[in-house]
Amino acid sequence: YAAALDVGYTPNTIVLDGPIRIGDGSSAWTPKNSSGKFNGPTPLRTALERSLNTVTVRLAQAIGMDRVGEYAERFGVSKNMPEHLSYSPGAGETTLGQMVAA
């Protein structure tokens, strides 16, 4: 979210919280929110408060996983994070120490 704010998104920017499909065929990934529900057009601040995975993935698509990886490294969460969209909502590994330091 910090990366998105730095490239011009604002807390009031509306992003769709809805079904999304990454890839095609049997290898497609369809991220979901922990609630299993979608809220439709949602302000960025609300998406962050509610930790909405589909909004996070859409932001990562829009700003690029290279930028997301740069921020993860800058904050000390991950080094050399792969540029896979699934890492944007937290599929990657880190340590408790790295998270506390970040």
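Is T30 buried, partly exposed or exposed? With a relative accessible area of 35%, T30 is partly exposed, where buried stands for under 20% relative accessible area, exposed for over 50%, and partly exposed for what falls in between (1.4 Å probe, protein chains only). This residue is found in the loop between β1 and β2 (40-43). Leaving out residues up to four places away in sequence, T30 touches I20 and R21, contact being defined as heavy atoms within 4.5 Å. T30 and R45 are 15 residues apart in sequence, and their C-alpha atoms are 23 Å apart in space.

A word on the model comes next. The structure is a predicted model, in which local features need pLDDT of at least 70 and side-chain atom pairs count only at pLDDT 80 or more, while totals for chains, interfaces and linings use all residues. Residues are numbered from 1 along each chain as its sequence is written, and side-chain values use heavy atoms, with hydrogens and water left out.

The overall fold can now be described. The protein contains five helices and two strands, which follow the pattern α-β-β-α-α-α-α along the sequence; helices (H or I, at least four residues) and strands (E, at least two) are DSSP runs, numbered from the N terminus. The radius of gyration is 14 Å, close to the 13 Å given by the globule rule for 102 residues, so the protein is as compact as a globular protein of that length. Here the radius is taken over C-alpha atoms, and the globule rule is 2.2 Å times the number of residues to the power 0.38. Along the principal axes, the C-alpha trace spans about 35 × 35 × 25 Å.

Of the 102 residues, 32% count as buried. The accessible surface comes to about 6300 Å², and 51% of this surface belongs to carbon and sulfur atoms; accessible areas come from the Shrake-Rupley method with a 1.4 Å probe, and for residues only the protein chains shown count as cover. Among contacts between residues at least 6 apart in sequence, 59% join residues at least 24 apart. The protein carries 9 positive and 9 negative side chains, and the centres of the two sets lie 9 Å apart. In this count Lys and Arg are positive and Asp and Glu negative, with His and the chain ends not counted, and the place of a charge is NZ of Lys, CZ of Arg, CG of Asp or CD of Glu.

Eight of its eleven residues are buried, so α3 is largely enclosed by the rest of the structure. The buried set consists of T54, V55, T56, V57, R58, L59, A60 and I63, and what covers these residues includes α1 (2-6), β1 (14-17), α2 (44-50) and α4. T54 of this helix is buried with a relative accessible area of 0%. Not counting residues up to four places away in sequence, T54 touches L16, D17, G18, I20, P31, K32, N33 and F38.

Just after the helix, G64 takes a positive phi of about 95°. S51, in the loop between α2 and α3, has a positive phi of about 50° although this residue is not a glycine. Most residues other than glycine have a negative phi.

S34 itself lies in the loop between β1 and β2 and counts as exposed, at 77% relative accessibility. D6, in helix α1, is exposed as well, with a relative accessible area of 53%. The C-alpha atoms of D6 and I22 are separated by 25 Å, and these two residues are 16 apart along the chain.
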